Amino acid sequence: MKVKLNQRLLKIAELVPINASIIDVGCDHALLSIYISQNKKPKKVIASDIKEGPLIHAKENIRKYQQEDKIKVKLGSGISTIENDIDTIIISGMGGLNMIGILKYSKDTYKNVNRIILSPNSDTYSVRKEIAKLGFMIQEEMLVKENNIIYPIIVFERGKKKYHDKDYLFGPILLEKKDTLFLEYIKKEAIKKEKLLEVLPKKYIKKRLGLKKELHLISKIM
């Protein structure tokens, strides 16, 4: 029996290389881990979560889809559960600042990792900028729309590349593609920033200038 994923997780799974050794951080019910185990011929899969509740459901699902011998379930925070032979980290469905914290302050634990796949719920600018500082470059990007919300998915690989502010803000590869979903995404971002600018007190000068700069960049792209 094959597991079915929502569009966001399906797109993430498509970006996982064949024969990778992966850790799915914040695995929730482990559906993504199960799909990868069934379809991507991984060398190893670790489904990790900080909470026992989700891991109980994860183990139930792993049994249901008969993947007990292929997926290791581990309880722990961040990437504390990583093993030395893991080469791919996946983190999805949490705030971007949490993702940065997980990766920035544990970088010595994933020296053998060459690919990081992230799908943040927020703070995408900071995610791109801070992960690039850790010695990774943006290898691929895509957007996926689910329940009228557009989510970014970013693939980082080890390497160095120079980026500009607009690359961190919108994504260098998304800027190249400029597809219809991207244009819809930046329109929604512009509306959010305009509303924030309206209610933000004038004493927050730096924040207001930053928002105005971002809105100017959006207008140029559109």
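## Helices H1 and H2

In this predicted model, the axes of helix H1 (residues 7-14) and helix H2 come within 10 Å and cross at roughly 40 degrees; axes here are lines fitted to C-alpha atoms, for helices over the stretch in contact, and angles run from 0 to 180 degrees between N-to-C directions. H1 and H2 are therefore oblique to each other, given that angles under 35 degrees count as roughly parallel, over 145 as roughly antiparallel, 65 to 115 as roughly perpendicular and the rest as oblique. The contact, meaning heavy atoms within 4.5 Å, is made by Leu-9, Leu-10, Ile-12 and Ala-13 of H1 and by Leu-32, Tyr-35 and Ile-36 of H2.

Helices (H or I, at least four residues) and strands (E, at least two) are DSSP runs, numbered from the N terminus.

## How the model is read

Residues are numbered from 1 along each chain as its sequence is written, and side-chain values use heavy atoms, with hydrogens and water left out. This is a predicted model, in which local features need pLDDT of at least 70 and side-chain atom pairs count only at pLDDT 80 or more, while totals for chains, interfaces and linings use all residues.

## Two further helix pairs

Two packed helices are described by the angle between their axes and the distance between the axes. For H4 and H5 the angle is about 10 degrees and the axes are 9 Å apart, which makes H4 roughly parallel to H5. The crossing of these two helices, H4 and H5, is left-handed. On the H4 side the meeting residues are Gly-96, Leu-97, Ile-100, Leu-103 and Lys-104, and on the H5 side they are Ser-126, Val-127, Glu-130 and Ile-131.

Helix H8 (residues 180-199) and helix H9 (residues 205-221) pack at an angle of about 150 degrees, and their axes are 10 Å apart. H8 and H9 are therefore roughly antiparallel to each other, and their crossing is left-handed. Among the residues that make this contact are Phe-182, Ile-186 and Leu-197 of H8, together with Leu-211, Leu-215 and Ile-218 of H9.

## Aromatic pairs

A pair of aromatic rings is described by the distance of the centres and the angle of the planes. A search of the whole structure finds three aromatic pairs, where rings of Phe, Tyr and Trp (its six-membered ring) pair if their centres lie within 6.5 Å, and planes under 30 degrees apart count as stacked, over 60 as edge-to-face and the rest as tilted. One of the pairs is formed by Tyr-110 and Phe-136, and this pair is tilted, with 6.5 Å from centre to centre and 35 degrees between the planes. The pair links distant parts of the chain, since Tyr-110 lies in the loop between helix H4 (96-104) and strand S5 (115-119) and Phe-136 lies in strand S6 (residues 136-146), 26 residues apart. Tyr-110 is buried, with a relative accessible area of 2%, and Phe-136 is buried with a relative accessible area of 2%; buried means under 20%, exposed over 50% and partly exposed in between (1.4 Å probe, protein chains only).

The rings of Tyr-125 and Tyr-168 have their centres 6.1 Å apart and their planes at 80 degrees, so this pair is edge-to-face. The pair links distant parts of the chain, with Tyr-125 in helix H5 (residues 124-133) and Tyr-168 in helix H6 (residues 165-170), 43 residues apart. Tyr-125 counts as partly exposed at 24% relative accessibility, whereas Tyr-168 counts as buried at 12%. Together with Tyr-163, Tyr-125 and Tyr-168 form one aromatic cluster.

## A charge over a ring

The charged end of Arg-8 sits over the ring of Tyr-151, 3.8 Å from its centre; the wording applies if NZ of Lys or CZ of Arg is within 6 Å of the ring centre and within 35 degrees of the ring normal.

## Residues in loops

Lys-41, in the loop between helix H2 (31-39) and strand S2 (44-49), has a phi near 50 degrees, a positive value in a residue other than glycine. Lys-41 is exposed, with a relative accessible area of 63%. Asn-148, in the loop between S6 and strand S7 (149-158), has a positive phi of about 65 degrees although it is not a glycine, and Asn-148 is exposed with a relative accessible area of 54%.

Ser-80 is placed in the loop between strand S3 (71-75) and strand S4 (88-92), and at 53% relative accessibility Ser-80 counts as exposed. Ser-80 and Ile-102 are 22 residues apart in sequence and, from C-alpha to C-alpha, 9.1 Å apart in space.

Terms used. A crossing is left-handed if the near helix is turned anticlockwise from the far one by less than a right angle, and right-handed if clockwise.
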